[in-house]
Each structure stands twice: as C-alpha cells, then as structure tokens.
Amino acid sequence: MKKLYKLLLILTFLFGSVASSSELIAFLDMDFIMNKSKAGVQITEELSKNHKANIEKFKKQEDALKEEEKKIIAQKNILEKTEFEKKIVTLREKANKYRIERRNIIDNLTKKKIQATAKLLDQIRPILAEYSADKSISLIIEKKNIIIGKSELDITKDVLSIVDKKISKIKIN
C-alpha cells in the first residue's frame, strides 16, 4: 500500500511538472512593494506622523491627570470626606473619558492604515495583471509562500519600478 502511494505521488509530480512546464510562473515580495514603493513609504510616514502627534497629545493629557491626582491627594486632609470623594469621582470620570478617547483614536488610526493599504493593493492589482499579460506569466505567487525558487523568477524589482511610476501617493482619509 505504501509503495502504491509513493508511486502515485511520484507520477503526480512527474506529470504535473511536464504539464506545467509550458506555463510561466513568477513570484514577488508583496510586503517589499508595500513598504518600499513611493506610495507605501508615503502611507507609513503620514501614519507615523499622526501617531507621534497622538502620543504627544496623550502624554499631555496623562500629565494633566497625574497633576490633578496629586493636588487631590494633597488636599485629602483639608477637604471634607464628601468633597474629597466628589473630586475622586470626577477624576475617575476624566480618566475613563481619556481612555475611551485614546482607544477611539488608536482604532481610527488602525482603520486608516488598513484602508490605505487596501487602496494601494487595489491600485497594484491592475498593474500586476498588465505585467503578467505583457510578460506572458500564467501565475504570480507571493514570495512568502515560496520555499525555494530561481531568482530569475522574482519580479519584485520590476513591479516595484512600475508601481513607483504609476502610483506616487495614496490619499489617507
């Protein structure tokens, strides 16, 4: 039974390779194109700039909350118990509001990144279709799914140069 299985496996590979030898297959590193293309770099820079601005804003808000907490703690022995508890409740509400705002901003930035990446991919797909038609390529496989392959089949740099010519900027909403 094992010998039959091995024989079938070998025959499948032999006939599969003979049948597909007339087909041209290529592969590309899509992550490289997404990160190194002009549009990909522009997306990364813009989102990074937004992220840094948000971090500065969050830092200021955190510092203000910590300062307010220190003031309330310093007034603990001076204030009446009910007044102190009111200030603590108010501070907790501000901290909760800050956490919710921070989470919303981070989620929004993540959505922007996903949308911008999707836009770039949508614009790259027709370029790949045109490239494969021009070069008579039957199948383009992503490089991360390849275990081993001839370097001549790697079309990443060719596609990157075409993408850079055709797509220079992606608008981020």
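I began with the accessibility cut-offs: buried is under 20% relative accessible area, exposed is over 50%, and partly exposed is in between. The model is predicted. I kept that in mind throughout.

**Entry: Lys 57 and its partner.** I looked up Lys 57 and found 35% relative accessible area, so Lys 57 is partly exposed. Which residue forms a salt bridge with Lys 57? I found Glu 101, with the closest N and O atoms 3.1 Å apart. Glu 101 lies in helix α4 and Lys 57 in helix α3, so this pair ties together parts 44 residues apart in sequence. Glu 101 comes out at 28% relative accessibility, so I noted Glu 101 as partly exposed too.

**Entry: further salt bridges.** I noted the general point that side chains of opposite charge can pair when their charged atoms come close. How many salt bridges does the count give? The count comes to nine. I followed up some others.

Glu 62 and Arg 102 meet through their side chains in a salt bridge, at 3.4 Å from N to O. Glu 62 sits in α3 and Arg 102 in α4, so the pair ties together parts 40 residues apart in sequence. Glu 62 is partly exposed at 24%, and Arg 102 is partly exposed at 33%.

Next I took Lys 166 and Glu 130, whose side chains meet in a salt bridge at 3.2 Å, N to O. This pair links distant parts of the chain, with Lys 166 in helix α5 (residues 156-166) and Glu 130 in helix α4, 36 residues apart. Lys 166 is partly exposed at 48% relative accessibility. Glu 130 is partly exposed at 42%.

**Entry: Asn 54.** Is Asn 54 buried or exposed? I read a relative accessible area of 17%, so Asn 54 is buried. Asn 54 is found in helix α3. I set aside neighbours within four places in sequence and found Asn 54 in contact with Ile 105 and Leu 109.

**Entry: the largest pocket.** I looked up the volume of the largest pocket and got about 260 Å³. Leu 109 turned up again, in the lining of this pocket. Other lining residues include Met 34, Asn 35, His 51, Lys 113 and Thr 117. Which helix gives the most to the lining? I found α3, with six residues. Helices α2 (30-36), α3 (38-74) and α4 (81-134) each supply at least two lining residues. By class, I noted four nonpolar, seven polar and one charged residues in the lining.

Methods
Residues are numbered from 1 along each chain as its sequence is written. This is a predicted model: local features need pLDDT of at least 70, side-chain atom pairs count only at pLDDT 80 or more; totals for chains, interfaces and linings use all residues. Side-chain values use heavy atoms; hydrogens and water are left out. On a 1 Å grid over the protein atoms alone, a cavity is a set of points where a 1.4 Å probe fits but cannot get out, and a pocket is an open set with protein on both sides within 12 Å along at least five of seven lines; lining residues have an atom within 4 Å of a point. Grid points are joined across faces, edges and corners, and a volume is the space filled by probe spheres set on the points. Helices (H or I, at least four residues) and strands (E, at least two) are DSSP runs, numbered from the N terminus. Ala, Val, Leu, Ile, Met, Phe, Trp, Tyr, Cys and Pro count as nonpolar, Asp, Glu, Lys and Arg as charged, and the others, Gly among them, as polar. Buried means under 20% relative accessible area, exposed over 50%, partly exposed in between (1.4 Å probe, protein chains only). Contact means heavy atoms within 4.5 Å. A salt bridge is a side-chain nitrogen of Lys or Arg within 4 Å of a carboxyl oxygen of Asp or Glu.
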